[in-house]
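The sequence and structure come first.

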Amino acid sequence: KDVYQEFKSFSIPLFWATTISLSSGLLDRYLLQYLSGSAEQGYYSLGFNLSAICFLLTGSFTPLLMREYAIAHQEQNSKRMVYLFSKYLPIFYVATSIIACFIASYGDWLAQIVGGDDFEKAAFSVMILGIAPIHQTYGQLSGSLMTATDRTNEYGKISIVMTVLGLPFTYFMLAPESYWGLNLGATGLALKLVIIQVIGVNVQIWYNTRYLSIQMKNLVIHQ
């Protein structure tokens, strides 16, 4: 029973956060299809898939960093956690930025190389979505600290709140002008993703810097 209760309290916030995030992502895609059409859906999908290249490096490193956080947390070694958090977040932020800025700078070229001439109009979406992984890297590495220190309740609540706040933003970006929207199609959904992500990640960092009793200022300046 003790193991069950511990597993439940740890996992349930992550379960609900993942479920709501997945549902929101599907709703975003549905609204893009319904309000902007299949072509815009294709433009967004191309940019989204190209941006995933940026996670090849940080995706493999995140479990290792989470393990180090967990060991330091079990040993109640706060200095070690501060060291890991302060050192590796900026390093991988820069590493991801190098790839992401290349995609953002050459989005028009990449869109045509990968998708062909039919995807020429996808260039701006690809360029904006190329920027998204920069802060998503911060989110992955910062979120791993919350997970390793058993603060999944905070982690889940932040994710859920940002996901719910993003839904009206999606409508505003995609809806026709006659319905008080900007009618931006794939570009609008890409902008929404980047903006919500920047806000959400910095909320995460605020919680983590409070937990570690360090200043957030340096990380904000670095961004």
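## Polar contacts

A polar contact is a pair of N or O atoms within 3.5 Å; within protein, one of the two must be able to donate a hydrogen and the other to accept it. The model described here is predicted. In it, a polar atom of the Ser125 side chain lies 3.5 Å from the backbone nitrogen of Thr187. Ser125 is part of helix H6, which covers residues 123-148. With a relative accessible area of 1%, Ser125 is buried, because buried means under 20%.

A second contact joins two side chains. Asn202 makes a polar contact with Gln223, side chain to side chain, at 2.9 Å. Asn202 sits in helix H8, residues 185-212. Its relative accessible area is 18%, so Asn202 also counts as buried.

## Salt bridges

Side chains of opposite charge can pair when their charged atoms come close. How many salt bridges does a search of the whole structure find? The search finds four.

One of them is formed by Asp28 and Lys192, whose closest N and O atoms are 2.7 Å apart. Asp28 lies in helix H1 (residues 2-36) and Lys192 in helix H8, so this pair ties together parts that are 164 residues apart in sequence. Asp28 and Lys192 are both buried.

## A network and a further pair

Arg80 forms a salt bridge with Glu68, with 3.2 Å between the closest N and O atoms. Arg80 belongs to helix H4 (residues 78-105) and Glu68 to helix H3 (residues 55-74), so the pair ties together parts that are 12 residues apart in sequence. Arg80 is partly exposed, with a relative accessible area of 33%, and Glu68 is partly exposed at 22%. Arg67 belongs to the picture as well: Arg67, Glu68 and Arg80 are linked in a network of salt bridges.

Glu154 and Arg151 form another salt bridge through their side chains, 2.9 Å from N to O. Are these two residues buried or exposed, given that buried means under 20% relative accessible area and partly exposed lies between that and the exposed class? Arg151 is buried, with a relative accessible area of 9%, whereas Glu154 is partly exposed, with 28%.

Glu40 is located in helix H2, which spans residues 38-51. Its relative accessible area is 22%, and Glu40 is therefore classed as partly exposed.

Which distance separates the C-alpha atoms of Glu40 and Ala186? These atoms are separated by 5.2 Å, although the two residues are 146 residues apart along the chain.

## Negative charge on the surface

Which residues gather in a patch of negative charge on the surface? They are Asp108, Asp117, Asp118 and Glu120.

Glu120 is placed in the loop between helix H5 (107-115) and helix H6 (123-148). The relative accessibility of Glu120 is 52%, so this residue counts as exposed, the cut-off for exposed being over 50%.

How values were computed: Residues are numbered from 1 along each chain as its sequence is written. This is a predicted model: local features need pLDDT of at least 70, side-chain atom pairs count only at pLDDT 80 or more; totals for chains, interfaces and linings use all residues. Side-chain values use heavy atoms; hydrogens and water are left out. Patches are made of residues with over 30% relative accessible area and no salt bridge: like charges are joined within 9 Å, nonpolar side chains (Val, Leu, Ile, Met, Phe, Trp, Tyr) within 5 Å. Accessible areas come from the Shrake-Rupley method with a 1.4 Å probe; for residues, only the protein chains shown count as cover. Lys and Arg count as positive and Asp and Glu as negative; His and the chain ends are not counted. The place of a charge is taken as NZ of Lys, CZ of Arg, CG of Asp or CD of Glu. Helices (H or I, at least four residues) and strands (E, at least two) are DSSP runs, numbered from the N terminus. Buried means under 20% relative accessible area, exposed over 50%, partly exposed in between (1.4 Å probe, protein chains only).
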